[in-house]
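Let's take a friendly walk through a protein together. Have the sequence and the 3D view ready, and look up each residue as it comes along.

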Amino acid sequence: MNQKLGNNIPVEGYCAPAFVHVRQALEANMAAGEEVGCAVSVTVEGETVVDLWAGYADPERTRPWQRETITDMKSVGKSIFALCILRLVGQGRVELDAPVARYWPAFAQAGKERVSVRQLLGHVAGLPFPDAAPIGSLYEPGVVAAALAAQKPEWEPGSQPCYHSFTFPPLCAELIFHATGRSAHDYQRNEVATPLGAEYWLGLEDAQHALCARYIETPGTPSLEGMKRNTASPLYRAWRPLPRDEDYNSPQWRRYAGHGNARGMARIYAALACGGTLEGYEVVDPAVLAEATRPRWAAMDFMTKRPFSMGLGFMLAGPAFSIGLGERNFGHPGMGGAIAFADPDRRMSFSYSPNRMSPVADTGPWATALIDATYRSL
């Protein structure tokens, strides 16, 4: 179905009649004029009840967003790195309380010999900075991994809650590689994305670049200012390997970072909302998932100065981000507004994937309106 609004913004896709409030919220978001393109998806009991997309894949608004359009979903992907490790835990190939160095021997430097997998997943490893990686070195093979192997913890591991804004993905990627012999990209594609038919990947193959919406930075976004411009911010120190002219559209970034769409992420989270299994495929052991979504800390985060609530690789319901009404909800936001989460009590998953970064430090108005509409529909 294709519906044209008064300001000629296309809205397409499927919406079950009971979830018409979500379509209406998306229409209102687009009519407000600040969104460029986006998708929203909701599942209940593993079944898709909302799969809508709207707007454009380019800032000039000449290329309509298509069903298969994908975009950079920012830190939403951190939860998928964590999911890969949790899957390995359930398979008995990694132990939560084992030292990371058991799997990655070079990690046993500078006081990190006893840093555990649990501490890494819980953002309490004390490793938010890759100080030995030169500015702009992100795409140089092995440089960030070597810097993290050599890094001295900023604090005694386990003592300081600190969102590992930059370092979480490369730390997880090295652990996955050393535990399996496969890259995080290959492991996630083969063990999560392909079996579920989920359009989300930890780095794209070159043929997929044509599917990408152009990502649009928005000046004034708090985390972006810290990462790229505010040299006094710990985010600037953390993100030193990122080339300062990276606009998140380069081929190198697309090969490096997680990309997908709301449909793909809602599909992955549908499995998590249903206890770890979807359509007979167990993505993660249910006991491991229960352990990972138990509260670990709720505190003011050192890195972003926001009140976070953390499990193991998943953010939990708390004051910094709106992730629905369920007390046991878990998921992950991305800078600028992208989000995915599971509501295990309602066996519901939700995801939203925009290509314009909203200048917000929380969930933002567009995702919030869609989340609120989803709960009105349940």
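Gly111 is partly exposed in this predicted model, with a relative accessible area of 47%. To find Gly111, look in the loop between helix 3 (100-103) and helix 4 (117-121). Now look for Gln24: Gly111 and Gln24 are 87 residues apart in sequence, and their C-alpha atoms are 54 Å apart in space.

Gly197 sits in the loop between helix 7 and strand 6. With 54% relative accessibility, Gly197 counts as exposed. From Gly197 to Arg244 is 47 residues along the chain, and the separation of their C-alpha atoms is 35 Å.

Pro195 is part of helix 7 (residues 184-196). Its relative accessibility is 36%, and Pro195 counts as partly exposed. Which residues does Pro195 touch, once its neighbours within four places in sequence are left aside? They are Arg189, Asn190 and Tyr281. Asn355 lies 160 residues from Pro195 in sequence, and the C-alpha to C-alpha distance between them is 26 Å.

| Pair | Apart in sequence | C-alpha to C-alpha |
|---|---|---|
| Gly111 and Gln24 | 87 residues | 54 Å |
| Gly197 and Arg244 | 47 residues | 35 Å |
| Pro195 and Asn355 | 160 residues | 26 Å |

**The whole protein**

Let's step back for a wider view. The secondary structure of the protein comes to 13 helices and 15 strands. For 378 residues the globule rule gives a radius of gyration of 21 Å, and the protein has 19 Å, close to that value, so it is as compact as a globular protein of that length. Along its principal axes, the C-alpha trace spans about 60 × 45 × 40 Å.

How much of the protein is buried? Of its 378 residues, 62% count as buried. The accessible surface comes to about 13700 Å², and 52% of it belongs to carbon and sulfur atoms.

Contacts tell you about the fold as well. Among the contacts in the protein with a separation of 6 or more, 66% are between residues 24 or more positions apart.

**Aromatic rings**

Next, turn to the rings. The count comes to 12 aromatic pairs. One of them joins Tyr215 and Tyr248 edge-to-face, with 6.2 Å from centre to centre and 90° between the planes. Why does this pair link separate parts of the chain? Tyr215 lies in the loop between strand 6 (200-202) and helix 8 (222-228), while Tyr248 lies in the loop between helix 9 (234-238) and helix 10 (251-256), so the pair ties together parts that are 33 residues apart in sequence. Tyr215 is buried, at 5% relative accessible area, and Tyr248 is buried too, at 1% relative accessibility.

Phe341 and Phe350 make another pair. Their ring centres are 5.4 Å apart and their planes meet at 25°, which is under the 30 degrees set as the limit, so this pair is stacked. Both Phe341 and Phe350 are buried.

Rings can also gather in a group: Tyr139, Tyr215, Tyr248, Trp253 and Tyr256 form one aromatic cluster.

**A helix with buried residues**

Move on to helix 5, residues 143-150. Its buried residues include Val144, Ala145, Ala147, Leu148 and Ala149. What covers them? Part of the cover comes from helix 6 (168-180).

**Two arginines with a positive phi**

Finally, look at the backbone. Most residues other than glycine have a negative phi. Arg61 is not a glycine, yet its phi is positive, at about 60°. You will find Arg61 in the loop between strand 4 (47-55) and strand 5 (71-72), and it counts as partly exposed at 37% relative accessibility.

Arg347 has a positive phi as well, of about 50°, although it is not a glycine. The loop that holds Arg347 runs between strand 14 (339-343) and strand 15 (348-354). With a relative accessible area of 32%, Arg347 is partly exposed.

Definitions and conventions. Residues numbered from 1 in each chain as written. Predicted model: local features only at pLDDT ≥ 70, side-chain atom pairs only at ≥ 80, totals over all residues. Heavy atoms only, no water. Helix = DSSP H or I, 4+ residues; strand = E, 2+ residues; numbered from the N terminus. Rg over C-alpha atoms; globule rule 2.2 N^0.38 Å. Buried < 20%, exposed > 50% of the residue type's maximum accessible area, 1.4 Å probe, protein only. Contact = heavy atoms within 4.5 Å. Areas by Shrake-Rupley, 256 points an atom, 1.4 Å probe, with all protein chains shown as cover. Phe/Tyr/Trp six-rings, centres within 6.5 Å; stacked < 30°, edge-to-face > 60°.
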